[in-house]
Amino acid sequence: MNKQDIFKIIVNHVCEILPELEQHEFQQDDQLVNLGANSIDRAEIVAMTMESLSLNIPRVELASARNIGELAEIVYEKYTSN
C-alpha cells in the first residue's frame, strides 16, 4: 500500500461522512474544515481510516496534519513502520 492508496481511503471516508462531496475532485492540499467537516466529522474520518488500516495512532500525532495529503503522509509513515 502506498501514500496514494491511503489518500484514497481517507477520501472514501470523507465521502461517507459528507456525501455531498462525492463529486468533489479531491486534492492533496484540501483541508477537511474547508470542505465542511466539523470536529466530530474529522474525528470520525480519522477513526474510520485507522480502523480500515488496523492502526492505532495517538490523535496528538495526527494533529500536525494541515490537509488531507499531510494526513495521508502521517498515516502512511505509521502504516509502513507497523
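User: Which residues lie nearest the centre of the largest pocket?

Analyst: In this predicted model, the largest pocket has a volume of about 290 Å³. Its lining is made up of 15 residues. Nearest the centre of the largest pocket are Leu 32, Arg 42, Val 46, Leu 62 and Ala 65.

User: Which element gives the most residues to the lining of the largest pocket?

Analyst: The elements giving two or more residues to this lining are H2, helix H3 (59-62) and helix H4 (68-81). The greatest share, 4 residues, comes from H2.

User: How do the residues of the lining of the largest pocket divide into nonpolar, polar and charged?

Analyst: The lining of the largest pocket has 15 residues. By class they are 9 nonpolar, 3 polar and 3 charged.

User: Are H1 and H2 parallel, antiparallel, perpendicular or oblique to each other?

Analyst: Helix H1 (residues 3-17) packs against helix H2 (residues 39-52) with the axes 9 Å apart and at an angle of about 135 degrees. Roughly perpendicular covers 65 to 115 degrees, and roughly antiparallel needs an angle over 145. H1 and H2 are therefore oblique.

User: Is the crossing of H1 and H2 left-handed or right-handed?

Analyst: The two helices pack at an angle of about 135 degrees. The handedness of the H1 and H2 crossing is right-handed.

User: Which residues in H2 meet H1?

Analyst: From H1, the residues in contact are Ile 9, Ile 10, His 13, Val 14, Glu 16 and Ile 17. By class, the contact of H1 with H2 has 6 nonpolar, 3 polar and 3 charged residues. On the H2 side the residues are Asp 41, Glu 44, Ile 45, Met 48, Thr 49 and Ser 52.

Definitions and conventions
Residues numbered from 1 in each chain as written. Predicted model: local features only at pLDDT ≥ 70, side-chain atom pairs only at ≥ 80, totals over all residues. Heavy atoms only, no water. Axes fitted to C-alpha atoms, helices over the stretch in contact; angles between N-to-C directions. Parallel < 35°, antiparallel > 145°, perpendicular 65-115°, else oblique. Left-handed = near helix turned anticlockwise from the far one by under 90°. Contact = heavy atoms within 4.5 Å. Nonpolar A, V, L, I, M, F, W, Y, C, P; charged D, E, K, R; others polar. 1 Å grid on protein atoms, 1.4 Å probe; cavity = no way out; pocket = protein on both sides within 12 Å on 5 of 7 lines; lining within 4 Å. Points joined across faces, edges and corners; volume = space filled by probe spheres on them.
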